[in-house]
Amino acid sequence: MASVADQLDKVVQKTARLIELCNALQEENDLLKLENQSLKVALDTAKGKNVDLEEKLRVTKLAKSIEGTSEKSLDIKQKINDFVREIDKSIALLKK
């Protein structure tokens, strides 16, 4: 049968071991928090770049749709001119 002093020594040793483990886990936790923070910054940066690229893609698609052939742009100009004439006629009728 173990004496009270031996049992107390075992408790003290186990407590010291638990304190060491707690300290090690606290250090690991601190490192993981730093890593998490740096990953959040990287994610925010990537999201910003993604938004910029999506905007550039939208502008590029719009430019390509307008670019087309010269025949297509002539058709667009003709339609615009027709709309302007119709608007002018409507304004003239409204003034009478």
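A residue counts as partly exposed when its relative accessible area falls between the buried range, under 20%, and the exposed range, over 50%. Arg85 has a relative accessible area of 46%, so Arg85 is partly exposed. Keep in mind that this is a predicted model. Here's a quick tour of its salt bridges and a nonpolar surface patch, starting with the bridges.

**Salt bridges**
- How many salt bridges does the structure hold? There are three.
- Arg85 pairs up with Asp82, and their closest N and O atoms sit 3.0 Å apart.
- Both Asp82 and Arg85 belong to helix α2, which covers residues 70-95. They are three residues apart there, or about one turn of the helix.
- Asp82 is partly exposed too, with a relative accessible area of 31%.
- Over in helix α1, Glu55 and Arg58 are three residues apart, so about one helical turn separates them.
- The side chains of Glu55 and Arg58 make a salt bridge at 2.7 Å, N to O.
- Glu55 comes in at 38% relative accessible area, which makes Glu55 partly exposed, and Arg58 is partly exposed at 46%.
- Arg17 and Glu20 form another salt bridge, with 3.6 Å between the closest N and O atoms.
- Arg17 and Glu20 are both in helix α1, three residues apart, about one turn of the helix.
- Arg17 is partly exposed, at 47% relative accessibility.

**Nonpolar surface patch**
- Leu8, Val11 and Val12 make up a nonpolar patch on the surface, and together they have about 280 Å² of accessible area.
- Leu8 lies in helix α1, which spans residues 4-67.
- The relative accessible area of Leu8 is 53%, so Leu8 is exposed, since the cut-off is over 50%.

Conventions: Residues are numbered from 1 along each chain as its sequence is written. This is a predicted model: local features need pLDDT of at least 70, side-chain atom pairs count only at pLDDT 80 or more; totals for chains, interfaces and linings use all residues. Side-chain values use heavy atoms; hydrogens and water are left out. Patches are made of residues with over 30% relative accessible area and no salt bridge: like charges are joined within 9 Å, nonpolar side chains (Val, Leu, Ile, Met, Phe, Trp, Tyr) within 5 Å. Accessible areas come from the Shrake-Rupley method with a 1.4 Å probe; for residues, only the protein chains shown count as cover. A salt bridge is a side-chain nitrogen of Lys or Arg within 4 Å of a carboxyl oxygen of Asp or Glu. Helices (H or I, at least four residues) and strands (E, at least two) are DSSP runs, numbered from the N terminus. Buried means under 20% relative accessible area, exposed over 50%, partly exposed in between (1.4 Å probe, protein chains only).
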